Amino acid sequence: MTGSLRTHITSLSVAGTLLMSSQGYAADPVKHEKKPERKPESSTRHFEDPTDIEGSDVEHLTVQGHGFNTMHQSLGLSRMPQDVMHTPQNINVVPQALMQQQNVKSLDEALRNVPGVTTSIGEGAGGMNGDQFLIRGFQAQNDIYEDGLRDFGVYSRDSFNFENVSVIKGPSSEVFGNGTTGGAINMVTKTPGLKNHYAADFSGGSGSYYRGTLDVNQKINDSTAFRITGMGDEHNVVGRDYIFSHRWGVAPSLAFGIGKRTTLILQYMHQQENSVPDFGVPVVTKPGAKYGQPITEYGIRRTNWYGTDNDQNATNSNMETARFSFKLNKHVTFYDDLRGGEYYRSFAASKATCDTTCVNNYFNGDASKALVARSGPVGAGAGTGAGTYMAPLPYEQTSWSVQNVGSMVADFHTSFLKHQLVAGFDVERVNDVRSQSTYLKPKPYANLVNPNPHVGNLDLVPGDMNPGGLVSLGSLGAKSHSNGYGFDTGLFLFDQIWFTKWLSVKGGFRWDRWQTSYNLTGGNVAKNPDQHFHDVTGVFNPNASLVVTPDEHQTYYFTWANSTTPMGMYVTNGSVPIRPGTNSFASPEKAQLYELGAKYSILHDRLGLTASLFRLDKGNALNADPVTGEIQGSSDRQRNQGLELSVGGVILPGWNVSATYALYDSSTTSSATKANRGKNVQYVPHNQATLWSAYSAFPDKPYNLTVGGGLTWREHVWLNAANTLRAPANLDFSAMISHRFNQHWKISMNGYNLANRLNYQSLFSNRSTPSAGRMFLGEVSVAY
């Protein structure tokens with residue numbers, strides 16, 4: 001539990017009122033103008049001393065919010081000006097306090113606290129990897145945002161510059177544009193404040209883990225400040241052979257006009273990584289079994305890695321951001337957010353294929369003769385050949401993007417009706433260029449029981465020098481180069497109207513013109529002519545909500561919302577963004593959400609509770625081909641419906657809790673493949689839950705101690721539409737203990753997967769990646 005919460009728990013009874021007044025989140029919007037003036041949104045994003053949640057000053061707690069109760073948490077973007085409590089949508093927030101107690105180091109680790117989020121192994125001829133998430137079972141790799149602007153990069157995001165992470169569940173196209181079928185992930189970054197702060201920490205532990213972070217905030221004058229955060233991280237993965245990650249990053253930012261009518265925040269982020277991609281172990285069906293499971297469920301060591309010493313993942317990601325706000329008067333505020341991004345990637349990976357011969361040799365014959373192919377859809381068979389050449393092939397990728405979102409938030413009256421109007425535009429463009437390489441030597445087969453990654457030099461050459469080694473993508477042929485772009489112009493308008501101080505409706509729309517182009521060139525042009533595709537799609541997405549707020553501590557809502565994902569959205573993270581002659585090219589994926597929810601902030605705003613019932617219907621579902629990884633449309637209709645619950649906050653002085661539960665009932669309601677009708681949707685568990693709690697004993701004594709722990713649980717999930725392959729249930733126990741010497745120095749220890757269970761974190765249709773085994777991480781931190 002944090003020091004501020006321990007020492008000043010009595011101040012929490014008024015923290016909710018203070019926070020809503022200081023940040024402009026009036027619980028009674030009809031009387032909004034009688035409250036203190038609404039600050040520009042950028043000032044609400046200036047968190048004082050956010051890296052030391054265990055600091056001791058009252059001001060920090062009041063500015064930061066409620067720690068574990070996120071009901072009055074800002075979402076960090078102008079298009080959603082209300083706090084979590086008053087936004088009619090299910091929103092899961094992973095706050096800074098929770099990330100610190102768990103020693104969260106990446107976006108992936110933060111999202112393990114959110115039910116309904118699954119990590120996917122991206123792949124294909126382009127070998128996608130990095131952060132690949134599904135929300136409520138639906139693709140979200142193009143729905144990752146930072147401060148409300150899209151992050152197009154394909155890389156593993158470190159948490160060193162995160163203030164908090166939000167998952168906004170359900171279709172949100174009216175706010176974010178195309179995509180967001182299952183929801184959107186938004187990371188709020190650390191920005192300068194008017195309190196000098198200097199912090200650093202160092203972690204080390206299992207798996208040769210070494211990590212250090214730095215956070216310096218310097219006030220320049222009464223409205224200007226500078227901040228810089230940095231990170232260096234080097235580690236292996238406990239329980240996986242040959243897997244490592246080396247990364248570093250830096251994020252300087254400069255803020256002008258803090259607390260003034262006009263504010264400007266300038267930010268830069270650079271993250272670089274060199275790692276080994278892990279595409280996991282093959283999923284096989286044991287002779288006589290009803291369904292297939294990862295081979296590690298049948299006696300194969302969890303440490304087995306079927307890659308080669310040629311595999312690598314080198315990324316270089318950069319983003320430059322300018323966020324501007326201007327408060328015209330007490331009724332109208334203008335915002336403009338601009339971001340550029342440049343992403344560079346060199347990637348080579350292997351995927352294991354254990355075919356029927358491999359399976360039979362392992363279960364019924366001589367296990368030493370069970371051979372795994374390291375690439376391509378064809379297995380090793382009896383191992384008579386030298387190996388395989390096929391996908392995933394190495395490639396070089398260069399991408400750039402630019403996005404500008406301008407918006408206006410206006411609070412006004414028409415007669416007795418109170419309005420909050422949000423309107424604006426969103427223009428974005430993303431470009432991608434890739435060059436495919438091939439190996440002149442085949443990848444040798446691996447032994448299923450004892451794989452050897454040391455295969456030597458496979459003679460990597462550009463694809464044009466060896467066109468016969470390129471992967472054929474069906475009617476598109478085998479090509480060595482690809483380039484494409486997506487260009488979106490969006491207009492949005494929505495209005496919340498209060499009939500009384502407790503009853504309001506919210507409705508609006510977003511219109512988008514999505515233009516995409518894709519070109520395939522090179523290779524054997526005589527055999528496979530160059531291909532050029534272009535598509536323009538107009539998209540209209542309306543939404544409507546009924547909101548009831550009896551008082552400032554409770555909200556009830558019903559929401560209906562739409563989303564659209566045109567083919568071609570996956571410019572940077574799909575090997576073939578669009579393809580002609582298929583239903584997927586003509587018809588975008590569409591989704592509809594019906595959600596009924598309730599939110600409470602109780603115990604004098606110490607504890608937040610949420611509950612929601614939802615139904616999410618999706619048509620022309622996008623699916624990833626298990627061989628090539630291509631994102632393709634289908635005529636399938638899918639449904640996921642269920643119940644989601646969450647609780648977060650302070651139960652008693654010194655005792656915090658964060659818990660979630662999700663019950664999902666998913667099915668394929670219509671499919672051209674008759675056998676798939678009525679089956680569960682891929683990657684959607686029936687039950688899922690998380691729990692984390694910590695207690696601080698003797699907070700004001702030299703022998704103070706904070707202890708905590710929790711679990712994450714996910715029921716088994718099906719990996720294919722036919723429900724013949726599945727990943728077993730996950731159950732992960734974790735714990736922490738910390739001691740503070742004074743207000744500046746702290747030591748802590750975290751333990752993860754304490755039961756050393758064989759879990760599977762990253763999933764794909766025919767493979768699963770074992771999660772890290774039991775590990776311990778110690779940390780020393782200092783803050784002034």
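Q: Is Phe-614 buried or exposed?

A: Phe-614 has a relative accessibility of 4%, so it counts as buried; buried means under 20% relative accessible area, exposed means over 50%, and partly exposed lies in between, with a 1.4 Å probe and protein chains only. Please keep in mind that this is a predicted model, in which local features need pLDDT of at least 70 and side-chain atom pairs count only at pLDDT 80 or more, while totals for chains, interfaces and linings use all residues. Residues are numbered from 1 along each chain as its sequence is written, and side-chain values use heavy atoms, with hydrogens and water left out.

Q: How many aromatic pairs does the structure hold?

A: The structure holds 13 aromatic pairs, where rings of Phe, Tyr and Trp (its six-membered ring) pair if their centres lie within 6.5 Å, and planes under 30 degrees apart count as stacked, over 60 as edge-to-face and the rest as tilted.

Q: What about Tyr-242 and Trp-305, and why is that pair called tilted?

A: Their ring centres are 6.1 Å apart and their planes stand at 40°, so the pair is tilted. Tyr-242 lies in the loop between strands S11 (224–236) and S12 (244–256), and Trp-305 in the loop between strands S15 (293–294) and S16 (312–327), so the pair ties together parts that are 63 residues apart in sequence. Strands here are DSSP runs (E, at least two residues), numbered from the N terminus, and helices are runs of H or I with at least four residues. Tyr-242 is partly exposed at 44% relative accessibility, whereas Trp-305 is buried at 5%.

Q: And which kind of pair do Phe-614 and Tyr-664 form?

A: Phe-614 and Tyr-664 form an edge-to-face pair, with 5.8 Å from centre to centre and 75° between the planes. Phe-614 lies in strand S28 (residues 607–619) and Tyr-664 in strand S32 (residues 655–670), so this pair ties together parts that are 50 residues apart in sequence. Tyr-664 is buried, with a relative accessible area of 2%.

Q: Changing topic, in what order do the five strands of the open sheet come?

A: The order is S1-S7-S8-S5-S6, and the pairing is mixed; two strands pair if DSSP finds at least two bridges between them. Strands S1 (91–94) and S6 (149–150) stand at the edges with a single partner strand each, so one side of each is left without a neighbour in the sheet.

Q: How do S1 and S7 pair?

A: S1 and S7 (residues 162–169) pair in the antiparallel sense over four bridges, and Asn-92 stands opposite Val-167 in S7.
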